[in-house]
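The structure is shown first.

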Amino acid sequence: MYRDLDPLIHSQLRLTIMSILIELERADFTFLKEKTGATAGNLSVQLNKLKEAGYIDIEKSFKKNYPLTKCIITPKGIQKFKEYIAALKGYIDPGTEPRT
Amino acid sequence: MSPKESLDLITRTIIGLRKNAKDNSFYFIAWGWIIILASVVHFVILHYLLMQEKFDIISWATITNWVSFILAGIIIQFIHQKRNPDSRQQQSGSGKFLKSLWTASGSGIILLVIFISTYGINPTPFVLIIVAIATYTTGRMIRFKPLILGSIAFVLFGALALFIDNHYQLLINAAAILSGYIIPGYMLKKTKIICHV
């Protein structure tokens with residue numbers, strides 16, 4: 001059974017971001033930039049897309065006068081990621097009925 | 001990206017993050033064996049001294065035993081950390097939290113042992129409760145069930161220690177550490193990283 005893959009998650013950078021956040025629950029911008037190898041501009045754009053869809057929350061604060069941006073995965077983001085994984089399994093093992 | 005490439009990407013990303021969690025296994029295994037050895041040696045020393053009725057050197061022997069083993073543990077930990085600098089796990093905050101948790105727990109245990117021992121009360125049950133709390137919290141943070149089960153073992157052995165004669169509590173302590181530290185520690189070391197979603 002083939003399900004559509006969520007186009008918002010099914011992109012290399014956004015998938016990496018979601019994978020990091022599903023594991024750590026929260027991470028700051030600098031950590032995500034280091035782990036993904038993305039430019040600051042591109043990472044910012046992708047994070048905003050995930051935020052607008054409600055998959056993550058973004059908290060902005062200051063630490064010693066430097067801006068600090070934290071990204072936190074939301075319950076909706078967790079659910080959507082699980083659905084994405086289930087859909088992936090349907091492609092890799094078509095005999096298995098995906099479960100969410 | 002094909003579906004397989006997507007799954008590989010997820011797995012690689014999470015493996016990279018969880019490798020940091022696996023590094024915790026060293027501390028459970030190393031400190032586990034140190035405390036087991038210290039407990040068993042303490043038991044043997046006490047048993048011998050009590051049989052020989054050499055009561056005047058019991059305190060000195062006890063303190064020397066534990067200080068020696070703990071110092072050895074600190075040296076081993078220091079060498080390990082020099083060879084394996086802390087990874088970016090700290091970036092997420094969980095690494096810093098776990099360090100603080102175990103520093104506070106270890107300090108609390110030392111103070112507890114000193115204070116309670118002055119009243120002639122064996123501290124084993126109370127120490128095991130503190131260790132249970134720290135182990136449970138660690139297990140939850142790194143999402144490793146055997147550690148959570150290990151914390152339950154600490155509570156059960158702590159309760160059992162209340163009904164055991166004094167120096168035999170040391171053997172209870174050793175059994176608790178085996179169940180709550182050593183076994184989960186080796187399981188953590190050998191665990192295959194799977195994408196748990």
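The sections below cover the basis of the values, the interface and the helix.

## Basis

This is a predicted model: local features need pLDDT of at least 70, side-chain atom pairs count only at pLDDT 80 or more, and totals for chains, interfaces and linings use all residues. Residues are numbered from 1 along each chain as its sequence is written, and side-chain values use heavy atoms, with hydrogens and water left out.

## Interface of chains A and B

Chain A places 25 residues in contact (heavy atoms within 4.5 Å) with 17 residues of chain B. The buried area (accessible area, 1.4 Å probe, lost on putting the two parts together, summed over both) is about 2000 Å², and carbon and sulfur atoms give 70% of this area. On the chain A side, Glu23(A), Phe31(A) and Ile92(A) lose the most area to chain B, together 25% of what that side buries.

The count of salt bridges (a side-chain nitrogen of Lys or Arg within 4 Å of a carboxyl oxygen of Asp or Glu) between the chains is 0. In chain A, α1 (12-24), β1 (26-28), α2 (29-36) and α4 (75-92) each supply at least two residues of the side that touches chain B; helices (H or I, at least four residues) and strands (E, at least two) are DSSP runs, numbered from the N terminus. α1(A) gives the most, with 8 residues.

## Helix α6 of chain B

Helix α6 (residues 145-161) of chain B has 17 residues.

Key. Chains are lettered from A and ligands numbered from 1 in the order in which they are written. The expected span of a helix is 1.5 Å times one less than its number of residues.
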